[in-house]
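Me: I would like to go through a structure feature by feature. For each one, give me the general idea and then the case at hand.

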Amino acid sequence: MAVVLAAVLPVGAAQAHDNGSVRATVTPASTAPGATVEVSVTGCSGTTGTAGSGAFEGDAELTGRDGDTYTLNGSARIKRGISGTHDVTVTCDGHPHQGVGTVRIQRHNPEPVSPVRAGGGGTAHLSTTVAGAEANEAGPGTRHAVIGLILAGVAAVAVAFRSVRRRRSE
């Protein structure tokens, strides 16, 4: 009977630690390589632990108040050059708790896919159309200059005529 109890008790204790009460939350849940994430763990008795993942540069050292009631918290940096979803393993209570959380790493393309439409409050697409139309025209030519001079002369004559009329009426 003692041999049976000795064999059953360690299995029962291991199942108690793997009962799913330990949970890890990574914030942000989806991040980029090289970023720092915060890891919060609930369900651990004690005030310290570690959280590790193949995505982390090193284990996150967890500290806090009693993890059964409160969370243990730590931070970790995401490795560069990786992507995908990775499991988080927490070690607390002297036991590892595997796959109790996940972190997703997405590589962001730093180069724009198309030119940035900047400025003008959304009228950037019009500037290429206007620039194309202006390229076909050479701007004001001699004809426009002559018309402008004639209009300026008419305005000057009108002002002179009006001032002469006022002097005569006085």
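Reply: Start with burial: a residue counts as buried when its relative accessible area is under 20%, as exposed when it is over 50%, and as partly exposed in between. In this predicted model, buried residues make up 20% of the 170 residues in the protein chain.

Me: What is the accessible surface of the protein chain, and what percentage belongs to carbon and sulfur atoms?
Reply: The accessible surface comes to about 11900 Å². Carbon and sulfur atoms account for 58% of it.

Me: How should I read the confidence, and where does pLDDT stay under 50?
Reply: pLDDT is the predictor's confidence in each residue, on a scale from 0 to 100. For the protein chain the mean is 78, and 68% of the residues reach 70 or more. Residues 1-19 stay under 50, and the model has six contacts beyond four places in sequence for them.

Me: How many helices and strands does the protein chain have, and in what order do the elements run?
Reply: There are three helices and eight strands. Read from the N terminus, the order is α-β-β-β-β-β-β-β-β-α-α. Of the contacts with a separation of 6 or more, 50% are between residues 24 or more positions apart.

Me: Take the disulfide next. How many are there, and which residues does it join?
Reply: The criterion is a pair of cysteine sulfur atoms within 2.5 Å. The count comes to one disulfide. It joins Cys44 to Cys92, with an S to S distance of 1.9 Å. The two cysteines are 48 residues apart and link distant parts of the chain: Cys44 is in the loop between strand S3 (36-42) and strand S4 (48-52), while Cys92 is in strand S7 (residues 84-92). Both Cys44 and Cys92 are buried.

Me: Why is the disulfide of Cys44 and Cys92 called left-handed?
Reply: The torsion about the S-S bond is about -70 degrees, so the disulfide of Cys44 and Cys92 is left-handed.

Me: Contacts next. Which residues does Thr31 touch, and is Thr31 buried or exposed?
Reply: A contact means heavy atoms within 4.5 Å. Thr31 sits in strand S2 (residues 30-31). With residues up to four places away in sequence left out, Thr31 touches Val37, Ile78, Val103, Arg104, Ile105 and Gln106. Its relative accessibility is 8%, so Thr31 counts as buried.

Me: Where is Ser53, and which residues does Ser53 touch?
Reply: Ser53 is in the loop between S4 and strand S5 (60-63). Beyond four places in sequence, Ser53 touches His86, Asp87, Val88 and Val103. Ser53 is buried because its relative accessible area is 14%. One of those partners, Val88, belongs to strand S7. Val88 is buried too, with a relative accessible area of 0%.

Me: What about Asn73: where is it, and which residues does Asn73 touch?
Reply: Asn73 is in strand S6 (residues 72-77). Its contacts beyond four places in sequence are Val39, Ser40, Glu61, Leu62 and Thr63. From Asn73 to Glu61 the C-alpha distance is 7.8 Å, at 12 residues apart in sequence. Asn73 counts as partly exposed because its relative accessibility is 34%.

Me: Last, the surface. Which residues form a nonpolar patch?
Reply: The patch consists of Val146, Ile150 and Val154, which together have about 270 Å² of accessible area. Val146 is placed in helix H3 (residues 142-169). Val146 has 42% relative accessibility and therefore counts as partly exposed.

How values were computed:
Residues numbered from 1 in each chain as written. Predicted model: local features only at pLDDT ≥ 70, side-chain atom pairs only at ≥ 80, totals over all residues. Heavy atoms only, no water. Patch = residues over 30% accessible without salt bridge, like charges linked within 9 Å, V, L, I, M, F, W, Y side chains within 5 Å. Areas by Shrake-Rupley, 256 points an atom, 1.4 Å probe, with all protein chains shown as cover. Salt bridge = Lys/Arg side-chain N within 4 Å of Asp/Glu carboxyl O. Helix = DSSP H or I, 4+ residues; strand = E, 2+ residues; numbered from the N terminus. Buried < 20%, exposed > 50% of the residue type's maximum accessible area, 1.4 Å probe, protein only.
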